[in-house]
Structure formats: structure tokens, C-alpha cells
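I open this notebook to record what I looked up in the structure shown below. The entries follow the order in which I made them.

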Amino acid sequence: MTALIDTPNLADHDGFYEELLATHKGLSEAESQALNAQLVMILANHIGDRTVLSEALALARKTPLG
Amino acid sequence: MPYDYQPFPYTAPPGLTAPEPRHKVVIVGAGPIGVAMALELANYGVPSVVLDDNNVVSVGSRAICWSKRSLEILDRLGIGDKSVEKGVTWKVGRTFHRDKEVFNFDLLPEEGHKMPAFVNLQQYYVEEFLVRAALDNDLVDVRFKNEVVEVDQTAEAATVRIETPDGEYSLETEYLIACDGAKSPIREMMGLDFAGELFEERFLIADIEMTADTPSERWFWFEPTFHPGQSALLHKQPDNIYRIDLQLGWDADPVEEKKPEKVIPRIEKVVGHSDFKLDWVSVYTFQCRRLERFVHDRVLFVGDSAHVVSPFGARGGNGGLQDVDNLGWKLAAVLEGRADSGLLETYNTERTYGTDENILNSTRSTRFMTPADGAERLFRDQVLALAAKAPFARSWVNSGRLSVPCVYPVNGADDKALPRVSRPGAVAPDAPMGNGWLLNALGGRMVVLALGCQAPEVAGAEVLTPEITDEIRRRYMGEAEKTVYLIRPDQVIAARWPYVDRTAVEATIEAIWRGE
Ligand SMILES: Cc1cc2nc3c(=O)[nH]c(=O)nc-3n(C[C@H](O)[C@H](O)[C@H](O)COP(=O)(O)OP(=O)(O)OC[C@H]3O[C@@H](n4cnc5c(N)ncnc54)[C@H](O)[C@@H]3O)c2cc1C
């Protein structure tokens with residue numbers, strides 16, 4: 001049993017994906033990294049559930065990476 | 001005015017001419033922790049000998065921030081009021097990024113406690129007050145210029161060999177307490193591992209004397225324009241002395257950086273003028289380490305000999321005083337035959353637990369201040385950037401989480417409906433009581449605190465039934481009409497019940513003495 005939702009949960013995922021890319025548009029590599037780091041922390045604070053966050057970190061750390 | 005270092009007197013110890021009878025307790029080290037330990041034991045009627053290789057107090061301010069809990073402990077040792085009077089009381093900390101305030105905290109937002117959240121007082125004053133109290137106490141025998149050079153132990157006793165200006169002698173003792181500091185020679189002599197982490201960073205720590213109108217607050221900067229790319233701390237002490245910490249980077253040369261011609265221009269940039277005098281300068285590298293065990297049969301480790309932390313959080317000296325608080329009553333009971341060495345083992349389990357919390361917090365702060373290249377730096381910098389635009393990120397800015405006592409994982413009964421601040425394992429919160437204070441009334445005894453009810457006579461504890469004030473209701477009762485608390489001699493809450501049950505209270509008392 002996991003607390004993290006890893007099945008489809010976002011209605012307009014294609015739209016969100018496009019918006020995510022658009023948000024990075026025109027940024028340098030370093031600025032993009034900074035934006036991503038801020039985004040992670042903003043979302044983590046919004047989620048506010050330590051178990052969900054730990055599971056999300058573990059999922060992201062699972063291979064394959066990159 | 002800079003501090004006037006007066007040497008304490010040396011007198012030739014009796015052991016030089018004839019063997020001394022076996023002592024109950026010998027303490028190695030007359031730093032703040034060793035002397036506090038001796039005074040705490042004296043409060044329980046236990047005599048001790050304190051040996052120190054030196055004869056002056058700490059050179060330089062070193063520990064300046066003394067926590068509320070430390071002040072409560074010092075109060076029991078007779079120097080609480082004096083320390084508050086001499087010290088600079090503060091409770092607000094402000095953290096800046098570049099030149100903008102990003103975060104602030106108030107460590108004691110409520111009234112009704114005898115002691116303030118923190119006072120700043122140079123370590124040399126605290127040591128002087130403690131040593132003077134010890135020299136006045138018949139149960140404490142302080143011996144300066146007595147250096148311990150060898151230690152040994154059997155099942156019944158520990159033995160130390162001591163060098164003095166007049167030659168060598170030996171002492172035998174039922175218990176030896178090593179309060180010999182971060183570099184603990186006793187730890188070395190016993191070959192004990194001091195595992196942990198060194199932070200590859202250097203900090204310039206300076207005391208300056210100047211007159212200024214700055215409020216009594218802790219000011220911490222990340223990447224200030226006056227010290228680009230690094231961190232800085234400014235803190236007020238008594239006698240117009242200010243403490244300045246400047247992060248220097250790992251490549252800084254510690255010898256060069258201590259030279260006044262290097263230090264003075266750096267400080268001019270912090271304070272914005274050159275109207276100050278340098279009082280003390282040192283360059284430090286910080287570590288977080290601890291002994292695996294604090295109890296080694298007849299040898300007990302207390303204070304920096306058992307654990308060291310980086311200072312951002314003031315958990316070093318304050319943590320050491322909490323060791324003293326935890327050990328005093330237990331060792332006294334073992335020496336009296338009231339308890340067996342199982343109770344001493346709880347000093348080990350409880351204080352390694354508290355130490356781990358201190359190390360965890362100190363490590364997190366130091367890492368935030370000195371991030372490694374790569375992801376650590378990326379996230380650290382982005383927390384600071386985010387703090388300027390989102391309130392949640394302000395509390396993520398970590399310039400030190402200041403010392404608070406841990407909540408011990410005790411086994412006593414609990415009623416979750418009662419206030420969380422006074423749950424079992426926590427230090428009993430203070431409150432006004434009559435013309436005085438609850439913590440003073442608790443003293444260093446096992447106490448049954450009966451609120452809103454009459455507690456029966458209980459074997460092995462004194463019963464206290466204070467009048468129910470607003471503070472006592474808020475901190476101990478909540479919505480309950482009656483409660484019974486069992487409080488240990490170190491003022492830690494052992495158990496609590498929403499009803500009166502003499503058998504349960506007595507069983508818990510017996511379990512405490514058995515070390516359960
Ligand atoms: C820059 C800095 C800032 C700090 N700030 C704070 C703070 O704000 N708050 C806080 O709580 N803590 C702070 N600390 C930590 C604090 O200074 C220590 O935790 C504290 O000094 C520990 O006390 P101690 O008695 O265990 O050891 P020490 O003070 O080191 O005393 C050990 C004593 O043992 C003696 N000794 C050593 N070897 C022998 C021997 N062989 N025989 C006889 N005697 C011996 C030494 O001479 C010394 O007197 C700070 C430390 C530093 C360096």
C-alpha cells in the first residue's frame with residue numbers, strides 16, 4: 001500500500017507538460033535547474049505529507065535515471 | 001572592559017604525602033561541565049574531587065548562548081540569578097539574505113517562566129561563577145594544576161595517576177567522571193572511538209569591544225554584501241562585547257586569518273566603522289561526533305568528552321549541562337545503594353538519544369551554511385531565493401535551531417488528552433507558584449504533582465498540590481478537571497494520569513529506580 005499516487009491523476013497532463021516546458025523557455029541551464037529546485041520545494045510544501053514525499057523521492061531515485 | 005583573567009590558587013594535594021582513601025567521585029576537568037557536575041552531586045550530598053590541568057577559566061568567550069533549560073539547571077546550582085543578571089537576555093533571532101530580512105524567530109513567546117529563552121554570557125563568566133560556588137562548597141574539592149596522565153579500572157574502582165607542580169600521586173575512586181573536553185585525554189587513554197563528521201569549512205570567531213545601540217537579538221546573514229558569498233553572525237554579550245562569526249571558506253589559512261591586520265578590515269565591513277577593540281580572535285573548524293557509549297563501567301563521560309557539535313544552535317555547553325542534569329540524581333542513588341548500575345545505564349541510553357538529536361540539528365544547520373558543490377548548493381541557494389517570495393520557505397532557512405531539551409522516550413503512563421508540552425519524557429514546564437516558581441518548588445526530588453485533586457501519601461515521593469493558576473491549567477491540565485503527574489528528580493515528567501491511583505504511581509517510582 002502506498003500513499004503516493006503513481007497512476008494517472010492529472011486531467012490535462014498534455015497541457016501541464018506544455019506549460020512546464022513553456023515556463024523554462026529562454027532560461028539558461030543554471031536558471032532551469034534553479035527553477036526546478038524551487039518548483040520541487042513549492043510542490044513539497046503544498047503536498048504537506050511526509051510519507052507521500054518520501055515515496056516520491058524514492059520513485060524518482062529508482063533506475064533508470066537519465 | 002575586557003575580562004580580567006585571575007588564576008585560581010593551587011595547593012599541594014594530600015595524596016602527595018600519604019595515600020588518600022578511596023573517593024566516591026573524581027571528576028576530570030574544571031570546565032563548565034565538570035564543575036556543574038560537582039555542584040549537582042553536592043546538591044545530593046555526594047562529595048567529589050575535581051582535577052584540572054590548568055588554573056584559569058576559558059580563554060575567549062567560546063560558549064555564549066545559555067538556554068532556558070541551562071539557566072534552570074544553573075539555578076539549582078545557585079548561580080542562575082547571577083547569570084541572568086550579568087547576561088544579555090534575548091529571544092528574537094533575525095536572518096538576512098544579502099541585506100534583506102528573510103526569517104525571524106521568537107524563542108519564548110509566552111510569559112510565566114522564571115528563566116528567559118536565552119542569555120548571552122561569556123563562558124569565562126559562567127566558569128568563574130561555577131568555580132566560586134565550588135570553592136565555597138565543602139563537598140567539592142577542586143584541585144588546579146592537577147593533570148591526569150593515566151587511567152585504569154577494576155570491577156570495584158577506577159584509578160588515576162596525576163601530575164602536579166610538586167610531583168605525582170594517585171587517586172582511587174568509585175566512579176570517575178571524564179569532563180575533560182573535546183580532546184578528552186581520558187577518551188584517548190582508553191582508546192575509545194569518537195566517530196562522526198568534520199565540516200570542511202573555517203570560521204573566524206572574534207569578540208570585539210564597542211559601544212552600539214543594537215537590540216539584544218541574534219543577527220545572521222547569508223551572503224551579506226559586507227562579506228560576499230559567505231555567512232556572518234553578530235551577537236551581543238555583556239560588557240559591550242560583541243561576538244562576530246565569519247565564514248571563511250576551507251582554503252583560508254588559519255594562521256594568516258588570525259592576524260589583526262587581516263581581521264580588523266573584515267570586522268570594519270561588518271560594523272561599518274573602526275571604533276572598536278579586538279578582544280579575542282580564533283579560527284575554528286567544526287565537527288559533530290560522539291562516543292558510542294557514555295558509560296564505561298566505572299568511567300562516565302559527560303559534556304564535550306562524550307560529544308561535540310558545531311556551535312550554530314548552541315547545543316554544546318547546553319547539551320553538556322543536560323548530561324549533568326540527567327546523571328546527578330542517578331549516580332547519587334547508585335552511590336547510596338538506592339539503585340544499582342542499571343540506573344546508570346539509562347544515563348547512557350537517554351543522553352545518547354539527546355545527543356543524537358543535537359548532532360542531527362547541528363549537522364543540518366552546518367550543512368545549510370556550508371553546502372557542498374552540486375545539488376546541496378543548488379537547493380540551499382534556491383531556499384534563500386524562494387524565501388523572498390513565499391512565506392513557507394522562510395522557515396526552511398536554517399541558520400541554527402537553538403538548543404531545547406529533548407523529550408526522552410520514557411515508558412510511563414500517558415493520557416493524550418492532556419497538554420503536549422508536559423507529556424512524559426519532557427522537562428516539566430515552569431509556571432508561577434505562590435510567590436515563587438514551580439521548578440524551584442520541584443527542586444531535585446521525586447515529586448507527585450496533584451492538580452485539582454488530593455493525592456494520597458506515596459512511598460518514595462513528595463506530594464505537591466499547588467493552587468491552579470491559568471499557567472498551570474494551560475501547561476498541565478488542558479480541559480481535564482484533575483491530573484496526577486510523577487516528576488523525576490531531574491524535573492523530567494515520568495508519567496501522568498487523569499485520576500488518582502496510588503499503586504500505579506508507586507509502581508512507576510520503583511520502575512524508575514530499577515532503570516526501566
Ligand atoms: C566558538 C565556540 C562557540 C561556542 N558557542 C556555544 C554556545 O553559544 N552555547 C553552548 O552551549 N556551547 C557553545 N560552545 C561549546 C562549549 O564551549 C563547550 O561545549 C563547553 O566548553 C564544554 O564544556 P566541558 O566542560 O565539557 O569542556 P571544556 O570546557 O573543554 O573543559 C575541559 C576541561 O578539562 C581540562 N582537562 C583536559 N585534560 C585534562 C587532564 N588530562 N587532566 C585534568 N584536566 C584536564 C581542561 O583544562 C578544561 O578545563 C561553543 C564552542 C566554541 C568553540
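**Entry 1: the largest cavity**

I began with the lining of the largest cavity, which consists of Arg69(B), Gln322(B), Asp325(B), Asn326(B), Arg351(B), Pro405(B), Cys406(B), Tyr408(B), Val427(B), Asp490(B) and Val492(B). I note that a cavity is a set of points, on a 1 Å grid over the protein atoms alone, where a 1.4 Å probe fits but cannot get out, and that lining residues have an atom within 4 Å of a point.

For the record, this is a predicted model, in which local features need pLDDT of at least 70, side-chain atom pairs count only at pLDDT 80 or more, and totals for chains, interfaces and linings use all residues. Residues are numbered from 1 along each chain as its sequence is written, chains are lettered from A and ligands numbered from 1 in the order in which they are written, and side-chain values use heavy atoms, with hydrogens and water left out.

I sorted the lining by class and found five nonpolar, two polar and four charged residues. Here Ala, Val, Leu, Ile, Met, Phe, Trp, Tyr, Cys and Pro count as nonpolar, Asp, Glu, Lys and Arg as charged, and the others, Gly among them, as polar. H8(B) contributes most to this lining, with three residues; helices (H or I, at least four residues) and strands (E, at least two) are DSSP runs numbered from the N terminus.

Where does the largest cavity lie? It lies between domain 1 (14–89 + 119–192 + 292–340) and domain 2 (420–513) of chain B, because both give residues to its lining. The domain bounds come from an automatic or database assignment.

I recorded about 70 Å³ of space for the largest cavity, a volume being the space filled by probe spheres set on the grid points, which are joined across faces, edges and corners. The structure holds five cavities of 30 Å³ or more.

**Entry 2: the ligand**

I then turned to the shell around the ligand, to which H8(B) gives the largest share, three residues. By class, the shell has 13 nonpolar, nine polar and seven charged residues.

I looked up polar contacts, meaning pairs of N or O atoms within 3.5 Å; within protein, one must be able to donate a hydrogen and the other to accept it, and residues adjacent in sequence count only if both atoms are side-chain atoms. A side-chain N or O atom of Asp52(B) is 2.7 Å from an oxygen atom of the ligand. A polar backbone atom of Asn318(B) is 2.8 Å from a ligand oxygen atom.

Conventions: On a 1 Å grid over the protein atoms alone, a cavity is a set of points where a 1.4 Å probe fits but cannot get out, and a pocket is an open set with protein on both sides within 12 Å along at least five of seven lines; lining residues have an atom within 4 Å of a point.
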